[in-house]
Amino acid sequence: MSFYENLVIETQETYTRYHQVYAAGGTPYELSTRPALPQDEQISRLVQEIRAADCVLVGGASGLSAAGGGDFYYEDNASFRRYFGKFAEKYHLKGAFDGTTRHWDDRREFWGYLATFLHTTLTAPVRPPYLDLDALLAGKDFFVLTTNQDTQFIKLYPEDKVAEIQGDHRFFQCSVCCTDDTWDAVRPVENMITAMGEGTSVPEKLIPRCPHCGREAFPWVRGYGNFLTGTKYEAEYEKVSRWLLAHKDKKILFLELGVGRLTPMFIQEPFWYLTLNLPRASYIAVNNRYNFLPKALEDRGMAIVGDLARVLADARRLFEDSSQAPRAA
Ligand SMILES: [Zn+2]
């Protein structure tokens with residue numbers, strides 16, 4: 001098992017042991033009580049720390065996509081209506097995930113819905129917070145670890161710079177995991193969308209099936225199916241583990257973006273552990289709700305509580321303005 005996956009499993013044990021604390025939105029770790037700097041000073045420090053770092057490990061989570069307009073997963077809001085309107089009206093869904101977990105009598109309708117979901121993310125442009133982050137990382141040695149399945153990072157970076165440990169909408173797996181194979185979902189999704197047209201169901205013959213057992217396929221994602229944690233999954237963890245082991249003695253910045261309270265074990269707590277244990281590491285989190293900085297990290301870290309899209313846009317502006325400023329003679 002790779003180094004980072006091992007860390008996640010250890011963190012998962014903490015989560016299980018203290019699940020009531022987490023369920024209440026808390027953390028069992030003692031947090032810093034130091035008052036936060038004013039936000040403009042925090043943003044200035046964010047820019048300085050990125051500049052000063054030899055390398056950056058970005059941890060991109062749901063808040064990052066939500067900040068960029070991918071906020072249709074958990075609620076029936078304007079963007080959900082925009083992409084899923086016909087299903088919202090017919091089935092009264094409360095966000096995109098609601099449709100993936102409820103019972104569908106008609107599999108052709110279910111796949112009409114699922115194809116719409118996958119098509120929405122696969123065809124979405126790279127959203128502004130990702131572009132702002134990309135500008136901040138210009139010229140930097142960095143790697144991206146993400147729990148997002150929406151392929152935003154992969155639209156920006158080559159596969160070897162991104163580890164997608166919760167899956168990726170571009171791939172199908174067998175719904176009962178009869179095989180370790182994953183395969184392309186992009187073309188089948190396009191075909192389903194074309195065949196569906198203005199309707200809400202796909203033809204029976206287009207329902208994606210496992211080439212080995214003939215049962216239905218399923219997106220290769222954790223969260224609402226039977227996530228295949230086979231070769232492909234291990235390879236994602238190996239990428240981030242390799243990068244970390246090659247960079248562990250450098251001045252490394254752990255940059256956590258938009259981690260919610262449901263899954264602290266994938267990015268947040270491993271980042272805390274690594275910052276504490278690597279000699280030259282520092283940690284910055286940006287989060288729209290939670291001011292979670294462990295007391296043990298208060299001299300080596302910072303939590304910025306604010307709108308992620310705005311923080312990254314402001315940081316980019318400051319970064320680019322200060323990059324262009326003429327140097328004193
Ligand atoms: Zn199968």
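Let's start at one end of a strand pairing: glycine 167 has valine 221, in strand E6, as its bridge partner. This is a predicted model, in which local features need pLDDT of at least 70 and side-chain atom pairs count only at pLDDT 80 or more, while totals for chains, interfaces and linings use all residues. Residue numbers run from 1 along each chain as its sequence is written.

Cysteine 174, for its part, stands opposite alanine 217 in E6. Strand E4 (residues 167–174) pairs with E6 in the antiparallel sense, over 5 bridges. Two strands count as paired if DSSP finds at least two bridges between them; the strands (E, at least two residues) and helices (H or I, at least four) are DSSP runs, numbered from the N terminus.

Now for the sheet itself. Its 3 strands run in the order E5-E4-E6, open and with antiparallel pairing. Strand E5 (182–184) and strand E6 (217–221) sit at the edges with a single partner strand each, so one side of each lacks a neighbour in the sheet. From one strand to the next the twist averages 50°, with axes being lines fitted to C-alpha atoms and angles running from 0 to 180 degrees between N-to-C directions. Buried means 20 or more other C-beta atoms within 10 Å of a residue's own (exposed is 12 or fewer, partly exposed is in between), with C-beta atoms placed from the backbone.

Next, zoom out. The chain is divided into domain 1 (3–67 + 127–166 + 229–323) and domain 2 (78–123 + 172–221), with bounds from an automatic or database domain assignment. Their centres, taken over C-alpha atoms, are 31 Å apart. Across the boundary, 7 residues of domain 1 are in contact with 5 of domain 2; contact means C-beta atoms, placed from the backbone, within 7 Å.

Alanine 61 is in the loop between E1 and helix H4 (62–67). It counts as buried because 25 other C-beta atoms lie within 10 Å. Beyond its neighbours within four places in sequence, alanine 61 has contacts including Thr147, Asn148, Leu257 and Ile267. Isoleucine 267 is 206 residues away along the chain, yet the two C-alpha atoms are separated by 8.1 Å.

Finally, helix H12 (residues 268–277) has Gln268, Glu269, Pro270, Phe271, Trp272 and Thr275 buried. These pack against helix H1 (3–17) and strands E1 (55–60), E7 (252–257), E8 (282–287) and E9 (301–305).

Methods
Contact = placed C-beta atoms within 7 Å.
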